[in-house]
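Me: I'd like to learn how to read a structure one feature at a time. Could you walk me through this one?

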Amino acid sequence: MKCKYLILLYLGIFSCTSHYEPVKNITLSWTSYRNGQFDSEGIHLYSGKNSKIPLKAFYAEITLTSPNIEVEVVCGSDDDLKETPSEIADRLDACLVVNGGFFLMDKNPARHVGLLKIKDSTISAPLLSVIRNGERYYTTRGTIGFNNKTMDITWVSGRNDTLYSFQESLNNQVNNPPVILDFKKGNYWEVESAISGGPVLVQNNKIFITDDEEVFFGSKIPEVHPRTAIGYTEDRKLIILVVDGRQVSSRGAYLEELAQIMVNLNCVEALNLDGGGSSALVVNNQLINKPSGTSMEREVMSAIAVKCYEN
């Protein structure tokens, strides 16, 4: 009987949290995680919370200019192309791994949704279009690309194995007729590795969310969820953020809240990555957050790995 009441209480809490509205001017109090226990050369880890919302988050600040740091996009190596972030970290001897882009979990092997390029090898091409309400919408999806110690977050599509970056996302809008994608408006985009997510959250240090433009309308992406986001600052620090959700102490975040957090962390550009139960941050072989309130990690197809080298 006691178990029954606990289950009802749990369900009641989460049925209520799903009706929250996005908080404007969201703030979190940040502290060095475990008094800097996980800080490495060029990597610093922080935990933050807002008990009133409630919300818990963690972010890593990675100095890309450090000669001891290397960042790469990676893919699962099992037969189904999926591994947990901890398994990826162990296999690659990486000091930090975070989950990457969207993928179809019910496929074997898994199928990535959008661009996945690792070490000059394209695993998955950019997503060209999606079907909404029986109509085909062409799309340019938010993507982060890496070249040595530099990165770029932009809207990407592709044709004939050529990647194109667009200064603006394709102007799709809910209930409007689909628009045509003109590749002449794009620029050739050459990157060593890249991963699509979406939507873009921040441009030019300001909130700039393109969820409708990237055709996320009609999906659950804009709702409140556990989240993973990536961005960078003007002084070339990579920011990797996870926000816990679906638990009593942290309800998850809306896209508007996620973008505000990334702006508060001084991001010039920022991108939403896969979230929900996939959101997991592993540092020094330890899972830092609680994916959907548990210590269980979901197998993912793609991830971003940071390797640390000794002097």
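Reply: Gladly. Let us begin with contact, which means heavy atoms within 4.5 Å. This is a predicted model, where local features need pLDDT of at least 70, side-chain atom pairs count only at pLDDT 80 or more, and totals for chains, interfaces and linings use all residues. Residues are numbered from 1 along each chain as its sequence is written, and side-chain values use heavy atoms, with hydrogens and water left out.

Me: Which residues is His 112 in contact with, leaving aside its neighbours within four places in sequence?

Reply: Gly 101, Phe 102, Phe 103, Ser 124, Ile 195, Ser 196, Met 301 and Ser 302.

Me: Is His 112 buried or exposed?

Reply: Buried means under 20% relative accessible area, exposed over 50%, and partly exposed in between (1.4 Å probe, protein chains only). His 112 has a relative accessible area of 9%, so His 112 is buried.

Me: What does the side chain of His 112 reach?

Reply: A polar contact is a pair of N or O atoms within 3.5 Å; within protein, one must be able to donate a hydrogen and the other to accept it, and residues adjacent in sequence count only if both atoms are side-chain atoms. Here the His 112 side chain reaches the backbone oxygen of Gly 114 at 3.1 Å. Its side chain also makes a polar contact of 2.9 Å with the side chain of Ser 302.

Me: How should I read strands, and what order do they take in the open sheet?

Reply: Helices (H or I, at least four residues) and strands (E, at least two) are DSSP runs, numbered from the N terminus. Two strands pair if DSSP finds at least two bridges between them. The open sheet has seven strands in the order 9-8-16-12-13-14-15, with antiparallel pairing. Strand 9 (121-124) and strand 15 (187-188) are at the edges, each with a single partner strand, so one side of each lacks a neighbour in the sheet. Strand 8 (residues 116-118) pairs with strand 9 over three bridges in the antiparallel sense, and Leu 116 stands opposite Ser 124 in strand 9.

Me: How much space lies in the largest pocket?

Reply: On a 1 Å grid over the protein atoms alone, a cavity is a set of points where a 1.4 Å probe fits but cannot get out, and a pocket is an open set with protein on both sides within 12 Å along at least five of seven lines; lining residues have an atom within 4 Å of a point. Grid points are joined across faces, edges and corners, and a volume is the space filled by probe spheres set on the points. The largest pocket holds about 600 Å³. Its lining has 25 residues, with Phe 102, Phe 103, Lys 220, Ile 221 and Asp 274 closest to the centre.
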